[in-house]
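Open your viewer, and we will go from one stop to the next.

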Amino acid sequence: MIDFENVKLKIGDTEITIGAVLESNGSTSNLKTGAWRSMRPVTDLEKCISCGICWSLCPEGCIIKRKDGKFEADLDYCKGCGICANECPVKAITMVMEEK
Amino acid sequence: MAIAGLPEEEYLSCGHRACAGCGAATAIRLITKAAGKNSILVESTGCIEVISTPYPETAWKLPWIHGAFENPSSIASGISAALKAKGIEDEINVVAFGGDGSTYDIGLGHISGAFERGDNFTYICYDNEAYMNTGIQRSGATPYGASTTTSPAGRESIGKVEWKKDIIHILAAHKSPYLASASIGYPTDAFKKIRKAIETKGPTFVNLFATCPTGWRSDPAKSIELAKLAVETGVVPLYEIINGKHVVGMPRDISKLKPVEEYLKVQGRYRHLFRPEKKEMEINFIQERVKENLALLLEYAETGH
């Protein structure tokens with residue numbers, strides 16, 4: 001019997017598992033996709049009603065619930081699509097140009 | 001804990017490589033939330049496969065298997081058979097999903113086979129209406145009049161000249177116990193339909209309409225607005241077929257439909273219908289056919305079909 005779980009193949013210098021099985025999960029978070037952004041969402045926390053609609057619609061899943069129950073985008077990953085600003089029922093989010 | 005009617009747990013990690021404003025990425029967040037942690041996911045080749053697994057990284061926090069373009073339904077069949085043999089088929093959800101290219105065209109035979117065998121799994125199609133990952137080629141799901149790289153609009157062409165394939169009724173002919181049409185514009189509705197599909201025993205199907213700003217040449221910020229507009233204009237009616245009986249969710253009143261023009265004119269793939277001159281005939285044709293389709297669905301629902 002071959003112990004498939006522990007067999008490693010070598011391609012060049014890289015060791016890979018059989019079937020290219022990845023044992024880590026959620027490792028794409030190593031890449032901070034926030035660098036793709038040209039517009040940045042700015043939330044007016046005074047206006048935010050904590051409904052979570054931005055959170056439910058964000059394609060990145062990068063909107064974070066704060067301790068006070070309000071929502072804000074994690075700018076490490078936000079690609080600046082603007083869905084949250086467009087869908088916010090109380091218009092608490094505005095998109096502003098990213099400046100270096 | 002639930003936020004906006006959805007579970008708080010996140011099974012798709014940040015840092016995936018989807019375009020800004022990707023409707024399919026929102027769709028996948030909904031699918032994984034509905035499936036929950038006791039799930040095995042199977043996926044075909046497509047946008048979501050490419051954006052979620054840039055080897056050796058993965059965005060998934062659930063067991064996820066990538067098949068070929070055509071066979072996630074066959075893999076799901078195998079998994080469901082294995083779970084049955086182990087006597088744990090009620091504890092683990094098997095969810096297969098693919099884009100419209102894999103579902104409507106390349107994998108249709110395999111899906112048909114799995115539905116005919118009556119295997120216990122749910123198939124979800126995130127439908128963005130063309131082969132987006134390979135560069136916007138037309139698929140069986142591309143709607144009439146849309147310009148793609150293989151159905152380009154020009155002086156002699158109005159884009160794709162065939163109507164979109166009616167996948168739900170193709171699968172309804174397989175006597176599946178639950179089929180539904182959903183849109184990411186209505187996330188809680190979509191979530192409930194996917195839950196229902198997973199909870200129903202046997203092969204079930206949900207067509208989840210998802211915007212693609214890259215392929216549709218639309219504003220990324222309007223991805224959700226467009227998915228809502230598609231429903232409000234009747235282009236994508238939301239309905240279920242439960243044990244062969246139609247239930248139409250929305251829209252339910254043909255006289256109150258928004259004109260399809262509102263939906264068409266905000267998308268670059270339909271730009272040729274408005275420029276250089278407005279092509280009334282084509283727009284009317286789409287409008288009439290949309291009304292006809294909805295009337296048929298409402299009639300089915302009324303007569304208990």
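Is A:Asp68 buried, partly exposed or exposed? Select A:Asp68: with a relative accessible area of 44%, this residue is partly exposed (buried means under 20% relative accessible area, exposed over 50%, partly exposed in between, using a 1.4 Å probe and protein chains only).

Before moving on, note that this is a predicted model, where local features need pLDDT of at least 70, side-chain atom pairs count only at pLDDT 80 or more, and totals for chains, interfaces and linings use all residues. Residues are numbered from 1 along each chain as its sequence is written, chains are lettered from A and ligands numbered from 1 in the order in which they are written, and side-chain values use heavy atoms, leaving out hydrogens and water.

A salt bridge here is a side-chain nitrogen of Lys or Arg within 4 Å of a carboxyl oxygen of Asp or Glu. A:Arg66 is partly exposed too, at 31% relative accessibility. Over all chains, the structure holds 24 salt bridges.

Next, go to chain B and select B:Glu199 and B:Arg195, whose side chains meet in a salt bridge (3.0 Å, N to O). Both lie in helix 7 (residues 187-199) of chain B, four residues apart, about one turn of the helix; helices are DSSP runs (H or I, at least four residues), numbered from the N terminus. B:Glu199 is exposed at 57%, while B:Arg195 is partly exposed at 24%.

For the last stop, select B:Asp127, B:Glu129, B:Lys164 and B:Arg269: salt bridges that share partners join them into one network.

Methods
Helix = DSSP H or I, 4+ residues; strand = E, 2+ residues; numbered from the N terminus.
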